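Thanks for taking a look at this one with me.

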Amino acid sequence: MATCIWIADTAAAGPEPPGRYTGGVQDLTAAFHLLFSGDPGMLGIVAVSLRVSLSAVALGAVLGLPLGAVLAVARFPGRRGVVVALNALMGLPPVLVGLLVYLLLSRAGPLGAWGLLFTPGAMILAQTILITPILAALSRQALEGLWEEYAEALASFGAGPLRAVPTLLWDGRFALLTVLLAGFGRAAAEVGAVMIVGGNIDGYTRVMTTAIALETSKGDLPLAIGLGLVLMTIVLAVNALAQWLRDVAQRRMG
Amino acid sequence: MSAPPILPLRVSGLGFRAGGAAILAEVSLTIAAGPPMLILGPNGAGKSVLLRLLHGLLAPSTGHIAWAATGAQAAQAMVFQRPVLLRRSVAANLRYPLTLRGLPRAEQARRVAEALALVGLEGLAERPARALSGGEQQLLALARAAACRPQVLFLDEPCASLDPAATRRVEEIIGAIAARGCKIVMTTHDLAQARRLAGEIVLLHRGRVMEAGPAATLLATPRTPEAAAYLRGELLC
């Protein structure tokens, strides 16, 4: 079993006793060396991370944004309950999602035949489940104000609520960019779900967060720090890019 | 366009209650093709609610609204006191309701150009609509409604937040739309504006029709003392 690899690795190396750690500067230097030498192992880990989290954001967006828009527009009995439930699901613990997907995909589970467990596909599925409620809840919030403004005008044009959904998604596109960012941040930063369903297999399902956890417990701090820096840089760069896009667009669109 | 005429509109015993309070009661009137009808009255008289009921944005609590033809919604348009513009370009705003009505692209382009010319915003077609000035935004909202070539155009205090120059421009355009055979039904609390535009006047007070009729007669010889007081510029409460 692939999960055992991680457990065995940890057991073999043993965690560094916290009191003996003294090599901060050397580790940092080594980390930068790793970063700028383009270490293929590290690049592979970064690539898997991006592939998994971006796929999860894309799938989550396809499901979550329309759901959020429908909730912003529709008025039906029980809507409040759905909204409260979605807001609660935003705080879903990743390990719980990991466990759920693990049970679904394990050989004896209902979706065991798919053979997805310990593949990037399983990690994408778990992260999608994790962030879809976040995307739906935040987009509902973002689009509700827009709907209040638009409702009468759209009704006057003869556009029903169903036709209003794509209109809101398009007209709210800049606010939704921030929503997508929140989803990406959550997906890229979580460890629990990808660890459980991906198994942290070297060169296959190892991502930045699981690698950092592993290398830290093994005592390979340069790699852990290097990966941590890359993770932070990616999240920062993505946020800066989105903020810049939003600013430019807002200046243009008024 | 050879859509069946939706006028005259017959309204009988129309009432609207919200939260236990009667906003409108026993409003009966007939709106026939012809010069603009202005609905006059102080704030809170129920003017906006009446327009929304007629346009179908609100459902009446009592009474009937009977158009002369079915499918009347598509033959109406409305401009709100504060223009609601989509976060898109000026041209895309004009196209939006035309796409909803299923017009072919060539016809849409023709109407967009015509609407831009009507309000004099030709140079701003590709500008984001929300970057326009307040007056230009209201002109765009007016152009967007006109592009639908409605038989009836509802205008809810379209000049309420405009300066005199912009108001004059909007009034000219309303006149041009009316001259094309579109029935204008417009609310205002500006008596002078009503004198300038109205062919017919409905005086609304506390949710009831105080007086209604041709503008010339009503303005010259009001029948009720309340109407006379209002027309003299006294404050009704």
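Before we start, two strands count as paired if DSSP finds at least two bridges between them. Helices (H or I, at least four residues) and strands (E, at least two) are DSSP runs, numbered from the N terminus. The model is predicted: local features need pLDDT of at least 70 and side-chain atom pairs count only at pLDDT 80 or more, while totals for chains, interfaces and linings use all residues. Residues are numbered from 1 along each chain as its sequence is written, and chains are lettered from A and ligands numbered from 1 in the order in which they are written.

1. Let's begin with the three-stranded sheet of chain B. Strand β1 (residues 9–18) of chain B pairs with β2(B) in the antiparallel sense, over seven bridges. Within this pair, B:Arg17 has B:Ala22 of β2(B) as its bridge partner. The open sheet has the order β2-β1-β4 (chain B), with antiparallel pairing. Its edge strands, β2 (21–31) and β4 (62–66) of chain B, each pair on one side only.

2. A helix sits on that sheet. Helix α1 (residues 47–55) of chain B touches β1, β2 and β4 of chain B, and its direction makes about 60° with that of β2(B). Here, contact means that the C-beta atoms of two residues, placed from the backbone, lie within 7 Å. Axes are lines fitted to C-alpha atoms, for helices over the stretch in contact, and angles run from 0 to 180 degrees between N-to-C directions.

3. Chain B also has an open sheet of six strands, in the order β5-β6-β7-β3-β8-β9, with mixed pairing. At the edges stand β5 and β9 (208–214) of chain B, each with a single partner strand, so one side of each is left without a neighbour in the sheet. Neighbouring strands of this sheet are turned by 15° against each other on average, direction ignored. Strand β8 (residues 200–205) of chain B pairs with β9(B) in the antiparallel sense over six bridges, and B:Ile201 stands opposite B:Gly213 in β9(B).

4. Next, look at helix α4 (residues 134–147) of chain B, which lies across β5 and β6 (152–156) of chain B and runs at about 175° to β5(B). A residue is buried if 20 or more other C-beta atoms lie within 10 Å of its own, exposed if 12 or fewer, and partly exposed in between; C-beta atoms are placed from the backbone. The buried residues of α4(B) pack against β5, α2, α3 (105–119), β6 and α5 (164–179) of chain B. After α4(B) comes B:Arg149, with a positive phi near 45°.

5. Chain A has 11 helices and zero strands. Of its 254 residues, 39% count as buried.

6. Which residue marks the bend in α6(A)? The helix bends by about 50° at A:Tyr150, where the bend is the angle between axes fitted to the seven residues ending there and the seven starting there. In α6(A), 28 of the 38 residues are buried, so this helix is largely enclosed by the rest of the structure. Just after α6(A), A:Gly158 has a positive phi of about 90°.

7. Finally, how do the chains meet? In all, 17 residues of chain B are in contact with 13 residues of chain A. On the chain B side, β5 (76–79) and α2 (90–100) are the elements that give two or more residues, and α2(B) provides the largest share, three residues.
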